[in-house]
Amino acid sequence: MSIALSASGTPKTQTTRSYAARAVREPLAPFTFERREPLPHDIVIDILYCGVCHSDIHQARDEWGGSLFPMVPGHEIAGRVVAVGGQATKFKVGDLAAVGCFVDSCRVCPSCKEGLEQYCEGGMTATYNARDKAGEPTYGGYSERIVVDEGYALKVSEKLDLAAAAPLLCAGITLYSPLRHWKAGPGKKVGIVGIGGLGHMGVKFARAFGAHVVLFTTSPGKVEDGKRLGAHEVVISTDPDAVAKHAGTFDLIVDAVSAEHDLNAYLKLLKRDGTHVLVGVPEKPSPVHAFSVIIGRKSLAGSCIGGIAETQEMLDFCAEKGIVSDVEIIPIQKINEAYERMIKGDVKYRFVIDMASLKQGA
Ligand code: NAP
Ligand code: ZN
């Protein structure tokens, strides 16, 4: 029997079932591929749960351009270690392990050395829709296992509900990082725009950090949930009078909206020297008038997930405080329906795939 080899000569013998998009805008469907045999520093994770991020939809539909097909999405991966390479020391068989949005980076640039691998100057290797250093396509977490360098895997406390912890690997860290960087805390008024997977974690973290939290939502049906999750105030963002009441009052706004919306309206809400941080990545660019930032010396900024060290810090913080995502668990066979519901803003607040459904072939 001949064994397939990766471009670097590593045997690829880990036959792996998954769901993939075969081409742009095609519904996801069963797909089998080979993962590499573990290298000395690799671990093999049996994936138990994988969260569904709006980025999965943007990429499967090629809304950001450059998508690679077939594509196995999924970068909120949680499971158990089933094998370790000969030189792996961080994990042992049986440990819980998680993987987020990237599986490698150059490791030598200033950003990598500072633990900010997400800003790797050579470009991080995304968990899916990318090519690894050997030139092989990366495939994500809508699959039964992943083989990953243990330095890019995270530890998850047994105290946390694993299904509800999976979204922390992207939605969680993407809000935790800017809220820490721009110092959300006591005495600060913090806005979160959009309550989907990312936004609901923003409300939880901003509240846990001690800030005054205001949620902006287009969905009247999410007002009570917004308060239950930690918002002190909830504003319906389609009501201009309700929004205008907050003019000039925010230290920080984190914007987690996945579709086009008016940034100028939010910039008006900042205090002098306030910052509006984009984490959502709509398909189309948003025009910003120069006066929106000139008047009041305001900043329009962005933030991308978080590095490995900060992601571990966030997971440990969540274990200590008992913070997880609010999730709706689905079998993988419902993934296309879940995408349609997310596009309508109809998810409370993160879909998580129970990967047993893939293994059972149900
Ligand atoms: P999601 O669960 O679908 O939530 C997006 C929310 O945006 C919706 O729940 C809705 O909230 C709001 N929204 C949707 N359409 C809107 C519209 N036309 N106008 C105003 N608000 C609208 O998505 P997600 O997974 O949280 O991801 C959000 C965005 O962040 C995506 O673009 C994703 O690609 C991006 N992302 C960025 C990073 C990063 O590192 N920066 C990481 C992960 C994801 P309401 O119902 O409350 O209005
Ligand atoms: Zn994501």
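Student: Before we start, what counts as a helix or a strand here?

Tutor: Helices (H or I, at least four residues) and strands (E, at least two) are DSSP runs, numbered from the N terminus. This is a predicted model, where local features need pLDDT of at least 70 and side-chain atom pairs count only at pLDDT 80 or more, while totals for chains, interfaces and linings use all residues. Residues are numbered from 1 along each chain as its sequence is written, chains are lettered from A and ligands numbered from 1 in the order in which they are written, and side-chain values use heavy atoms, with hydrogens and water left out.

Student: Is Glu 337 buried, partly exposed or exposed?

Tutor: Buried means under 20% relative accessible area, exposed over 50%, and partly exposed in between (1.4 Å probe, protein chains only). Glu 337 has 48% relative accessibility, so it counts as partly exposed.

Student: Which residues hold the zinc ion (ligand 2)?

Tutor: Look for donors, meaning N, O and S atoms within 2.8 Å of the metal (3.2 Å for Na, K and Ca); water is not among the atoms, so sites may look incomplete. The protein donors lie 2.0 to 2.2 Å from the zinc ion, and their spacing along the chain is C-x21-H-x94-C. They are Cys 53 (SG), His 75 (NE2) and Cys 170 (SG).

Student: What is the strand order in the open sheet of six strands?

Tutor: Two strands pair if DSSP finds at least two bridges between them. Here the pairing is parallel, and the edge strands, E11 (233-236) and E14 (299-302), each pair on one side only. Reading across, the order is E11-E10-E9-E12-E13-E14.

Student: How many bridges join strand E13 to E14?

Tutor: Strand E13 covers residues 270-278 and runs parallel to E14. One spot to look at is His 276, which stands opposite Leu 300 in E14. The number of bridges joining E13 to E14 is four.

Student: Which residue has a side-chain N or O atom 2.6 Å from an oxygen atom of ligand 1?

Tutor: Start with the backbone, where an N or O atom of Ile 195 lies 2.8 Å from an oxygen atom of ligand 1. A backbone N or O atom of Val 279 is 2.9 Å from a nitrogen atom of the ligand. The side chain you want, at 2.6 Å, belongs to Thr 218.

Key:
A polar contact is a pair of N or O atoms within 3.5 Å; within protein, one must be able to donate a hydrogen and the other to accept it, and residues adjacent in sequence count only if both atoms are side-chain atoms.
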